[in-house]
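Please look over this predicted model. A few questions about its packing and charge pairs follow.

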Amino acid sequence: MIRYSFKSSFGNTSLFSKNNKIIKILIDSDVFYQDEPNEVLLLAQKEIEEYFSNKRTEFSFPIEIEGTEFFKDVLLTMKRIPFGKTWSYSDLAINSGHPKAIRAVGTVCKNNPLPLIIPCHRVVKKGGDIGQFNGGVDMKKALLKIEKVFF
């Protein structure tokens, strides 16, 4: 695994690559990794910086999701939430084929290894409240503001 960090408008952003795919992203990371970056890491850095600068709405670098089938189902469904839109946790549960697993879907969001790329920040409470975010509510609001979604 190659670990690489760069300074972004959200603090240190750390990327983890295995088999030329991004497997994990940490925003506002406490650690700054200095492994020699490969092409995938540099592409991911470029695209994430473009996203933070309002110049990108989609990502093209390869990712790999590790975990149970349920975990993968929810993450791959979450990846389909369009830029600038939000879904409720129950919307995500229904669309992922697990309509009764709303709390478990929330746990998947909390443990999302690829924030931004798999946009857990676009998942909100059913009543419209912003809900929680691993990087904190302020970061979630800032990411939604990039996408012109305001709370």
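Q: How do α2 and α4 pack: roughly parallel or roughly perpendicular?
A: Helix α2 spans residues 69-78 and helix α4 spans residues 102-110. Their axes lie 10 Å apart, at an angle of about 75°. Angles of 65 to 115 degrees count as roughly perpendicular. So α2 is, relative to α4, roughly perpendicular.

Q: Which class of residue makes the contact of α2 with α4?
A: From α2 come Phe 70, Phe 71, Val 74, Leu 75 and Met 78. From α4 come Ala 104, Val 105, Val 108 and Cys 109. No polar and no charged residues take part; the nine are nonpolar.

Q: Which element gives the largest share of the largest nonpolar core?
A: This core holds 38 residues, and Met 78, Leu 116 and Leu 143 touch the most other members. Elements giving two or more residues include β1, β3 and α5. The largest share is six residues, and it comes from α1.

Q: Are Arg 122 and Glu 147 buried or exposed?
A: Their salt bridge brings N and O to 2.7 Å. Arg 122 sits in the loop between α4 and β5, and Glu 147 in the segment after α5, 25 residues apart. Buried means under 20% relative accessible area. Both residues are buried.

Q: What is the relative accessible area of Arg 3?
A: Arg 3, in strand β1, pairs with Asp 35, in the loop between β3 and α1. The salt bridge has an N to O distance of 3.8 Å. Asp 35 is partly exposed at 27%. Arg 3 is also partly exposed, at 34%.

Conventions: Residues are numbered from 1 along each chain as its sequence is written. This is a predicted model: local features need pLDDT of at least 70, side-chain atom pairs count only at pLDDT 80 or more; totals for chains, interfaces and linings use all residues. Side-chain values use heavy atoms; hydrogens and water are left out. Axes are lines fitted to C-alpha atoms, for helices over the stretch in contact, and angles run from 0 to 180 degrees between N-to-C directions. Helices (H or I, at least four residues) and strands (E, at least two) are DSSP runs, numbered from the N terminus. Angles under 35 degrees count as roughly parallel, over 145 as roughly antiparallel, 65 to 115 as roughly perpendicular and the rest as oblique. Contact means heavy atoms within 4.5 Å. Ala, Val, Leu, Ile, Met, Phe, Trp, Tyr, Cys and Pro count as nonpolar, Asp, Glu, Lys and Arg as charged, and the others, Gly among them, as polar. A nonpolar core is a set of buried Ala, Val, Leu, Ile, Met, Phe, Trp, Tyr and Cys residues joined through side-chain atoms within 4.5 Å. Buried means under 20% relative accessible area, exposed over 50%, partly exposed in between (1.4 Å probe, protein chains only). A salt bridge is a side-chain nitrogen of Lys or Arg within 4 Å of a carboxyl oxygen of Asp or Glu.
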